[in-house]
There are 2 protein chains.
Amino acid sequence: MERVEQHASFGGRQEVWKHHSRVLDCEMRFGIHLPAAALQGTRCPVLYWLSGLTCTEQNFITKAGAQAHAERHGVIVVAPDTSPRGAAVADDPAYDLGQGAGFYLNATQAPWSAHYAMQDYIAEELPALVEERFAASDRRGIFGHSMGGHGALVTALRHPGRYRSVSAFSPIVAPTRVPWGRKALAAYLGPESDAWKAWDAVELVRSASERLPLLVDQGANDEFLVPQLKPELLAEACRAVGHPLTLRLQPGYDHSYYFIASFLHDHFAHHAAALSP
Amino acid sequence: MERVEQHASFGGRQEVWKHHSRVLDCEMRFGIHLPAAALQGTRCPVLYWLSGLTCTEQNFITKAGAQAHAERHGVIVVAPDTSPRGAAVADDPAYDLGQGAGFYLNATQAPWSAHYAMQDYIAEELPALVEERFAASDRRGIFGHSMGGHGALVTALRHPGRYRSVSAFSPIVAPTRVPWGRKALAAYLGPESDAWKAWDAVELVRSASERLPLLVDQGANDEFLVPQLKPELLAEACRAVGHPLTLRLQPGYDHSYYFIASFLHDHFAHHAAALSP
């Protein structure tokens with residue numbers, strides 16, 4: 001494990017580390033912001049951010065303005081990459097499959113199954129590493145954007161008790177029913193669509209054993225809203241089973257980091273309330 | 001003049017425009033954040049941000065987190081490119097000369113003099129355009145980073161009465177005495193170093209007719225601090241003539257946008273106090 005970047009930031013420190021991932025069998029990078037409290041040795045809760053298609057660990061740490069919020073709340077923020085990486089890792093020329101498009105699931109189909117186990121990386125290997133190597137407590141929250149919003153919702157719903165809070169910006173809530181999701185699920189999991197349901201937030205909400213409140217922000221001018229995101233499907237599923245959901249449609253906002261930055265304050269407040277000891 | 005990007009941001013709107021610049025004789029892009037008040041037609045003061053070497057209009061608008069501050073203070077923020085651009089514009093393979101390295105001056109030497117008149121663009125053409133086409137008042141502030149910190153200090157000092165406020169992050173305060181500056185000044189202005197002094201903040205402070213207070217933040221771990229930035233030269237010059245300067249050496253901080261973002265709050269407060277009606 002090697003630190004490849006470190007920058008003082010809002011009284012704390014933004015770092016980037018690379019390490020060999022056992023479950024992905026490749027070298028991975030992740031960003032970690034350590035607030036001043038963590039640098040001084042206080043064990044702080046950890047908020048995991050999952051980015052969207054085409055992103056690396058850099059997008060969120062450079063564009064979202066998260067460090068100011070992390071410092072104010074005394075929260076560590078970890079931003080992993082979006083897929084396994086490297087010349088030995090299967091890839092596809094399209095932006096929405098392969099490297100940069102891991103969809104935070106465990107692939108079962110060749111050639112993807114050799115490295116694409118992002119769910120195990122995000123939910124198990126990475127938190128274990130962070131909690132061992134940094135001043136991190138086991139209080140965890142998870143959030144993300146678009147493909148990463150899907151990742152956050154699905155990861156929290158699949159692991160009752162592991163996360164104290166979850167939220168999403170512009171998430172793909174029903175990958176079994178939209179083009180981005182159907183393409184990825186077919187490639188990574190094969191054509192049998194029954195296997196896909198375990199990676200679809202709308203499906204998982206129906207049988208969730210834990211009623212973790214969901215906060216979702218969605219830009220009303222997001223070009224992907226109608227074809228790919230369909231938050232109304234999540235609203236219907238939550239209403240049907242009584243799962244707590246705050247879904248906010250934000251007039252005028254698009255799919256960009258300008259949208260994320262604008263409402264990150266509220267997401268940090270949502271997580272911090274659940275993560276405080 | 002054509003809008004090429006627009007994103008809702010913190011209740012206002014981040015836009016990018018392209019236009020033909022008369023003084024640069026090429027197509028230029030600039031970012032402009034319009035706070036909600038400006039979108040509703042209230043004439044707002046304008047804060048000009050000048051970026052550093054290699055940057056375009058994108059760096060500041062995507063990485064600094066300025067929009068939240070702009071909205072809070074009701075200030076328009078304009079972020080131009082750092083040089084003339086295009087295939088017809090002279091360039092150099094080095095990162096610190098030519099396109100991306102205009103140094104905010106008016107070049108007198110061929111081939112640079114055909115397009116490199118960034119000072120006239122920043123101080124005259126661009127403000128006139130902004131004040132004509134947007135809900136902008138003639139209350140102006142200027143700030144920047146590194147080469148752009150030099151640009152902000154020099155532009156304000158060369159134009160008494162034109163700016164109500166000025167500040168800089170990690171500025172090149174004495175380009176006549178450091179490698180980045182000497183290389184650029186020799187190329188753009190020729191070998192006669194007397195002509196260079198009109199573009200050196202330390203020289204300009206000595207004879208400034210207006211005592212505009214300077215706010216300068218500098219990271220103590222900035223790799224360019226000793227060889228290129230030398231803020232102590234500005235401190236000495238200001239002390240000698242009684243020019244008001246707040247120079248803050250920030251322990252642990254480097255030359256990156258993580259540093260800028262961390263202290264932008266204070267710079268906006270500094271400008272807003274001077275820009276309010």
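Is B:H267 buried or exposed? In this predicted model, B:H267 is buried, with a relative accessible area of 0%. The residue belongs to helix 10 of chain B. Leaving aside residues up to four places away in sequence, B:H267 touches B:F143, B:S167, B:A168, B:F169, B:L215 and B:D217.

Helix 10 of chain B spans residues 257-275 and also holds B:S262. B:S262 counts as buried because its relative accessible area, 11%, is under the 20% cut-off. A polar atom of its side chain lies 2.7 Å from the backbone oxygen of B:Y258. Beyond residues up to four places away in sequence, B:S262 touches B:Y253 and, in chain A, A:A8, A:S9 and A:F10. In chain A, helix 10 (residues 257-275) includes A:A273. A:A273 is exposed, at 61% relative accessibility. The C-alpha atoms of A:A273 and A:R164 are 9.6 Å apart, although 109 residues separate the two in sequence.

The two chains meet at an interface. There, 19 residues of chain A are in contact with 19 residues of chain B. Together the chains bury about 1,500 Å², with 55% of that area on carbon and sulfur atoms. A:A8, A:F10 and A:Y258 provide 41% of the area that chain A buries against chain B, more than any other three residues. Zero salt bridges were counted between chain A and chain B. Eight residue pairs are in polar contact between the chains, both residues at pLDDT 80 or more. On the side of chain A that touches chain B, strand 1 (2-9), helix 2 (58-63) and helix 10 of chain A each give two or more residues. By class, this side has seven nonpolar, ten polar and two charged residues.

Helix 6 of chain B (residues 179-189) has buried residues at B:W180, B:G181, B:A184, B:L185, B:A187, B:Y188 and B:L189. Why do they lie on the same side of helix 6 of chain B? They do so because they cover an arc of only 165° around the axis. The buried residues of this helix pack against helix 8 (225-229) of chain B. Just after helix 6 of chain B, B:G190 takes a positive phi of about 90°.

Side chains of opposite charge can pair when their charged atoms come close. Over all chains, the whole structure has 22 salt bridges. One of them joins the side chains of A:R162 and A:E124, at 4.0 Å from N to O. This pair links distant parts of the chain, 38 residues apart. A:R162 sits in the loop between helix 5 (147-158) and strand 7 (165-169) of chain A, and A:E124 in helix 4 (residues 118-133) of chain A. A:R162 is partly exposed, at 26% relative accessible area. A:E124 is also partly exposed, at 41%.

In chain B, the side chains of B:E2 and B:K18 meet in a salt bridge of 3.9 Å, N to O. B:E2 lies in strand 1 (residues 2-9) and B:K18 in strand 2 (residues 12-21) of chain B, so the bridge ties together parts 16 residues apart in sequence. B:E2 is partly exposed, with a relative accessible area of 45%. B:R3 forms a salt bridge with B:E15, with the closest N and O atoms 2.9 Å apart. This pair, twelve residues apart, links strand 1 of chain B, which holds B:R3, to strand 2 of chain B, which holds B:E15. B:R3 is partly exposed at 33% relative accessibility, whereas B:E15 is buried at 1%. In chain A, salt bridges that share partners join A:R3, A:R13 and A:E15 into one network.

Methods:
Residues numbered from 1 in each chain as written. Chains lettered and ligands numbered in written order. Predicted model: local features only at pLDDT ≥ 70, side-chain atom pairs only at ≥ 80, totals over all residues. Heavy atoms only, no water. Helix = DSSP H or I, 4+ residues; strand = E, 2+ residues; numbered from the N terminus. Buried < 20%, exposed > 50% of the residue type's maximum accessible area, 1.4 Å probe, protein only. Polar contact = N/O pair within 3.5 Å; in protein donor to acceptor, adjacent residues only side chain to side chain. Contact = heavy atoms within 4.5 Å. Arc of directions from axis to C-beta. Buried area = accessible area lost by both parts, 1.4 Å probe. Nonpolar A, V, L, I, M, F, W, Y, C, P; charged D, E, K, R; others polar.
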